[in-house]
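Work through the exercises below with the sequence and the 3D view at hand. Try each task before reading its solution.

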Amino acid sequence: QVHLVESGGGLVQPGGPRRLSCAASGLTINSDIMSWYRQAPGKERELVALIRSVGGSSSYADSVKGRFTISRDNAKNTVSLQMNSLKPEDSAVYYCHAQWFYGGMDYWGKGTLVTVSS
């Protein structure tokens, strides 16, 4: 079975940094795309950042550009999200997502809560 487990969430003061990690297990083929999504109470889940397996190119939501950085280590089967200059509006449950385009398969982690508040 494929499992994605996020870690690194918690309470962070505004302006502070936080690094999230996602550990993948049960994979036989690396996913085409690894992504981080987030969902705040009463809001729809939104894409924060993604990174492609081929070439390792990444993309970010406009709201986090210049502040967040996504990285991937295929050898260790991990994906990380470095978050800097955090704002209260960044507070949400952050989810790790893996997707394979061929066959349309995808898996979600259960999420890790990030709360930005003083």
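Two strands count as paired if DSSP finds at least two bridges between them. The model used here is a predicted one.

**Exercise 1. Strand pairing**

Solution. Step 1: look for bridges between the strands. Step 2: read the direction. Step 4: turn to another partner of β3. Six bridges pair β3 with β8, again in the antiparallel sense. In that pairing, L20 stands opposite L81 of β8.

**Exercise 2. Salt bridges of R38**

State which residues form salt bridges with R38, and decide whether R38 is buried or exposed.

Solution. Step 1: recall the general idea. Side chains of opposite charge can pair when their charged atoms come close. Step 2: apply the cut-off, a nitrogen within 4 Å of a carboxyl oxygen. The side chains of R38 and E46 meet at 2.8 Å, N to O. For R38 and D90 the closest N and O atoms are 2.9 Å apart. R38 lies in strand β4 (residues 33-39), while D90 sits in the loop between β8 (78-83) and β9 (92-100), 52 residues apart. Step 4: check the accessibility. R38 is buried because its relative accessible area is 5%, and buried means under 20%. D90 is buried as well, whereas E46, at 35%, counts as partly exposed.

**Exercise 3. The remaining picture of charges**

How many salt bridges does the structure hold, and which residues are joined into one network?

Solution. Step 1: the count is four. D62 is exposed, with 65% relative accessibility. Step 3: follow the shared partners. Salt bridges that share partners connect R38, E46, R67 and D90 in one network.

**Exercise 4. The largest cavity**

Which strands each supply at least two residues of the lining of the largest cavity?

Solution. Step 1: take the volume, about 80 Å³. Step 2: list some lining residues, including C22, M34, R72 and V79. Step 3: assign the strands. β3 (18-25), β7 (68-73) and β8 each supply at least two lining residues. Step 4: sort by class. The lining has five nonpolar, five polar and two charged residues.

Methods. Residues are numbered from 1 along each chain as its sequence is written. This is a predicted model: local features need pLDDT of at least 70, side-chain atom pairs count only at pLDDT 80 or more; totals for chains, interfaces and linings use all residues. Side-chain values use heavy atoms; hydrogens and water are left out. Buried means under 20% relative accessible area, exposed over 50%, partly exposed in between (1.4 Å probe, protein chains only). Helices (H or I, at least four residues) and strands (E, at least two) are DSSP runs, numbered from the N terminus. On a 1 Å grid over the protein atoms alone, a cavity is a set of points where a 1.4 Å probe fits but cannot get out, and a pocket is an open set with protein on both sides within 12 Å along at least five of seven lines; lining residues have an atom within 4 Å of a point. Grid points are joined across faces, edges and corners, and a volume is the space filled by probe spheres set on the points. Ala, Val, Leu, Ile, Met, Phe, Trp, Tyr, Cys and Pro count as nonpolar, Asp, Glu, Lys and Arg as charged, and the others, Gly among them, as polar.
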